[in-house]
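The sequence and the structure are shown below.

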Amino acid sequence: MILYFSAAGNSKYCAEKVALKTGSELCSINSMMKNHTTEIDVKVNSLLGFVCPAYDYDMVYAVEELLENLVIKNISDNCYVFAVFTCGDGCGTAEKTMKGLLSKKEINLSAAYKVVMPDNYIPMFPLMSKDKQMKMLNDAGFNEISD
């Protein structure tokens, strides 16, 4: 199962790619919050992934809030639990935050990854050229993106 939070679409796209490669079920954190869902059922011998943007060098508050209240059922001790953070530069303390929230539920984070994307926080960062954006997106695995 892969839970994802996306505002601009980058994390959703990454989550879809991971789900396709792993054969995992996708679950939108945005929808979970809208529907007040606070429980998931992880099948035995499956994986559990979290995909979300890193904002201001940390994990998105909405994902933190969900994790604090989330009840995770049927997770095995050997479940592979991972996080993928989309970011403009770096993830800062996002991995540490995720580890801390999961450890409160006695769940270990097996791995964390980052996918660097064009920065979309325009008040702080100027827009990069279209060519540079396309190269960055292609490097991040958005290979079908074209002009």
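## Central strands

Phe-85 stands opposite Lys-114 in E8. Strands and helices are DSSP runs numbered from the N terminus (strands E, at least two residues; helices H or I, at least four). The model is predicted: local features need pLDDT of at least 70 and side-chain atom pairs count only at pLDDT 80 or more, while totals for chains, interfaces and linings use all residues. Residues are numbered from 1 along each chain as its sequence is written, and side-chain values use heavy atoms, with hydrogens and water left out.

E7 pairs with strand E8 (residues 111-116) in the parallel sense over six bridges; strands count as paired if DSSP finds at least two bridges between them. Thr-86 has Val-115 in E8 as its bridge partner. Between E7 and E8 the chain passes through H4, and this β-α-β crossover is right-handed, that is, clockwise from the first strand over the helix to the second when the strands point away from the viewer. E7 also pairs with E4, in the parallel sense and over seven bridges, and Leu-48 stands opposite Val-81 in E7. Seven of the eight residues of E7 are buried, so this strand is largely enclosed by the rest of the structure. Buried means under 20% relative accessible area, exposed over 50%, and partly exposed in between (1.4 Å probe, protein chains only).

## Overall make-up

The protein chain has five helices and eight strands, which follow the pattern β-α-β-α-β-β-β-α-β-β-α-β-α along the sequence. Of its 147 residues, 41% count as buried. Among contacts (heavy atoms within 4.5 Å) with a separation of 6 or more, 76% are between residues 24 or more positions apart. The accessible surface is about 8600 Å², with 51% belonging to carbon and sulfur atoms; areas come from the Shrake-Rupley method with a 1.4 Å probe, and for residues only the protein chains shown count as cover.

## Nonpolar cores

A nonpolar core is a set of buried Ala, Val, Leu, Ile, Met, Phe, Trp, Tyr and Cys residues joined through side-chain atoms within 4.5 Å. The largest has 32 residues, of which Leu-3, Ile-40, Leu-48, Met-59, Leu-67, Phe-85 and Met-98 touch the most other members. At least two residues of this core come from each of helix H2 (29-34), strand E4 (47-55), helix H3 (61-69), strand E7 (80-87) and helix H4 (94-103). A second, separate core of 11 residues includes Ile-2, Ala-19, Leu-47 and Phe-82.

## Helix packing

Ala-94, Thr-97, Met-98, Leu-101 and Leu-102 are buried in H4. These residues lie on the same side of H4 because they cover an arc of only 125 degrees around the axis, taken from the directions from the helix axis to the C-beta atoms. Their cover includes E4, strand E5 (58-59), H3 and E7.

In H3 the buried residues are Ala-62, Val-63, Glu-64, Leu-66 and Leu-67. The buried residues of H3 pack against strand E1 (2-4), H2, E4, E5 and H4.

## Positive phi in loops

Tyr-57, in the loop between E4 and E5, has a positive phi near 60 degrees and is not a glycine. Tyr-57 is partly exposed, with a relative accessible area of 39%.

Asn-74 is placed in the loop between strand E6 (71-73) and E7. Asn-74 has a positive phi of about 60 degrees although it is not a glycine, and is partly exposed at a relative accessible area of 46%.
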